[in-house]
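Here are my notes on the model, as numbered points. Please read them with the structure open.

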Amino acid sequence: MMISRRNFLAVAGAAAAAAALTACGGSSASSTSTASSAAASTASSAAEGGEKIVKVALTCDTGTIDDESFNQACWTAVSGYMGDDCQYYIPEADASDEDRETMIRQAVNDGADVIVCVGYLYGASLAWAADQYPDVKFIAIDVTQGDIGTDAIPANCYCITFKEEQAGYLAGYAIAKDGKTKLGFLGGKAVPAVIRYGYGFVQGADAAAAELGQNIEINYFYGGQFYGDANITSRMEGWYSNGTQVVFACGGIYTSAVEAALKNNGYVIGVDVDQNYIGANGVADGTYAYNPFITSAMKGLSEAVNTALADIDAGSWGDIAGSNGNFGLEDGDYIGLPTDADSWNFESFTTDEYEEVKGKIKSGEITVDNSSDDATKPTVSEFTTVNYIQ
């Protein structure tokens with residue numbers, strides 16, 4: 001069995017600082033971990049009424065730990081907070097409920113007293129795990145009570161979700177106000193978080209189109225996977241060659257959108273974290289002729305995970321356990337576009353315009369429909385045509 005030890009760039013939110021995260025290990029679900037369990041003697045009082053976390057495990061559903069998006073942002077928070085005392089677990093292929101239970105069981109056997117489970121598909125596994133391991137604290141990312149399927153969120157579980165529709169709205173509004181009229185949305189799978197991103201994007205672009213009195217067209221497609229491949233790239237090349245100017249790509253599938261964009265002088269919008277650095281690094285090493293990332297629709301994955309871990313250490317677990325923290329602009333800067341000069345690649349859309357529309361969402365003046373039902377499409381004005389592609 002091999003345990004990988006790697007360095008990762010800290011990509012939480014718009015953070016650009018690199019953090020060397022070599023101390024923590026990773027494990028495949030099909031292997032037996034050789035990592036030593038943290039000694040119980042390391043537990044000590046961290047704050048009045050609190051106990052120091054011994055070890056945190058991050059269990060993922062699919063992809064890689066360095067996916068430059070969802071998994072990596074969560075891992076950045078865990079490894080940055082815990083130093084040596086953490087480990088990640090990723091299945092070799094798309095996981096089943098049994099695989100997820102196996103990863104959780106392995107994490108507990110390896111000494112984890114806090115487990116961060118990434119992805120709504122952990123719902124059923126959490127229902128089992130919360131009952132099986134009542135002394136373990138579970139932080140569930142993008143998981144709701146409905147996903148878990150119990151009458152209430154288990155008492156040893158804290159669910160973290162985000163208002164992705166707000167981030168999607170901001171990205172769609174900004175890109176349409178910037179003068180782009182032929183847009184695309186490429187989602188990985190039609191899961192709730194991705195749907196909210198996509199439908200928010202449509203709503204924001206439509207609002208800007210109506211303000212400008214400008215007709216826009218949006219191609220909309222789910223690839224059915226969270227990774228790019230030749231077939232997805234070919235489809236994206238077709239979009240760009242037929243006039244699509246920019247594609248909002250959600251999930252690891254973004255690699256196909258980037259590859260196709262670079263062949264057609266097109267652009268992309270990143271997701272979850274500020275992905276501008278991918279384009280900047282590509283230009284720096286000669287891989288990319290230009291940076292294709294105009295902006296990114298971000299949610300505060302690292303911030304929310306870090307806050308939950310700090311709450312546990314501070315003795316405030318009882319305040320969040322058994323609840324669902326659903327983070328949006330009303331709660332702080334958990335949603336937004338990167339505003340650093342290096343990441344702001346719009347032609348005419350300004351940060352003042354961005355702050356204005358962001359403020360309207362925060363105040364409630366603009367309400368973004370948060371539907372995550374794929375069958376219920378967002379209502380648009382006469383200025384917007386959406387091509388939903390099966």
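**Notes on the fold and its packing**

1. Start with the contact between two helices. On the α5 side, the residues are Glu164, Glu165, Ala167, Gly168, Tyr169, Ala171, Gly172, Tyr173, Ile175, Ala176 and Lys177. On the α6 side, they are Ala193, Arg196, Tyr197, Gly200, Phe201, Gln203, Gly204, Ala205, Ala207, Ala208, Glu211 and Leu212. By class, this contact has 13 nonpolar, five polar and five charged residues. Bear in mind throughout that the model is predicted.

2. Now the geometry of that pair. Helix α5 covers residues 164-177 and helix α6 covers residues 192-212. Their axes come within 6 Å and cross at roughly 35 degrees. The crossing is right-handed.

3. Glycine 168 belongs to α5. Is glycine 168 buried or exposed? Its relative accessible area is 0%, so glycine 168 is buried. Leaving aside residues up to four places away in sequence, glycine 168 touches Tyr197, Gly200, Phe201, Phe248 and Ala297. Valine 368 lies 200 residues from glycine 168 in sequence, yet the C-alpha to C-alpha distance is 9.6 Å.

4. α5 has another helix contact, with α12 (residues 351-363). Here the axes come within 11 Å and cross at roughly 145 degrees. This crossing is right-handed. α5 contributes Gln166, Tyr169, Leu170, Tyr173 and Lys177. α12 contributes Glu353, Tyr354, Val357, Lys358 and Ile361. The contact of α5 with α12 divides into six nonpolar, one polar and three charged residues.

5. Next, the sheet. Seven strands form an open sheet with mixed pairing, in the order β15-β13-β12-β11-β9-β10-β16. Which strands stand at the edges? They are β15 (335-336) and β16 (384-389). Each has a single partner strand, so one side of each is left without a neighbour in the sheet. α6 packs on this sheet and touches β9 (182-187), β10 (216-222), β11, β12, β13 (293-299) and β16. The direction of α6 makes about 175 degrees with that of β10.

6. Two pairings within the sheet deserve a look. β11 (residues 246-250) and β12 (residues 267-272) pair in the parallel sense over three bridges. Valine 246 stands opposite tyrosine 267 of β12. β9 and β10 are also parallel, and six bridges join them. Tyrosine 222 in β10 is the bridge partner of glycine 187. How much of β10 is covered? Six of its seven residues are buried.

7. Aromatic residues come next. The whole structure holds 20 aromatic pairs. In the pair of phenylalanine 162 and phenylalanine 327, the ring centres are 6.0 Å apart and the planes are at 40 degrees, so the pair is tilted. The pair links distant parts of the chain, 165 residues apart: phenylalanine 162 sits in β8 (residues 157-162) and phenylalanine 327 in β14 (residues 324-327). Both phenylalanines are buried. One aromatic cluster is formed by Phe185, Tyr197, Tyr199, Phe201, Tyr220, Tyr222, Phe248 and Tyr388.

8. β8 and β14 run in the parallel sense over four bridges. Cysteine 159 has asparagine 324 of β14 as its bridge partner. In a regular strand, side chains alternate between the two faces of the sheet. β14 has a covered face with Gly325 and Phe327, and an uncovered face with Asn324 and Asn326.

9. Two backbone angles are worth checking. Most residues other than glycine have a negative phi. Aspartate 142 has a positive phi of about 65 degrees. Aspartate 142 lies in the loop between β7 (137-141) and α4 (145-148), and is buried at 12% relative accessible area. Aspartate 272 has a positive phi of about 70 degrees. Aspartate 272 is placed in strand β12. The cut-off for buried is under 20%, so aspartate 272, at 6% relative accessibility, counts as buried.

10. Finally, the chain as a whole. There are 12 helices and 16 strands. Of the 390 residues, 54% are buried. Among contacts with a separation of 6 or more, 71% join residues 24 or more positions apart.

How values were computed: Residues numbered from 1 in each chain as written. Predicted model: local features only at pLDDT ≥ 70, side-chain atom pairs only at ≥ 80, totals over all residues. Heavy atoms only, no water. Axes fitted to C-alpha atoms, helices over the stretch in contact; angles between N-to-C directions. Left-handed = near helix turned anticlockwise from the far one by under 90°. Contact = heavy atoms within 4.5 Å. Nonpolar A, V, L, I, M, F, W, Y, C, P; charged D, E, K, R; others polar. Pairing = 2+ DSSP bridges. Phe/Tyr/Trp six-rings, centres within 6.5 Å; stacked < 30°, edge-to-face > 60°. Buried < 20%, exposed > 50% of the residue type's maximum accessible area, 1.4 Å probe, protein only.
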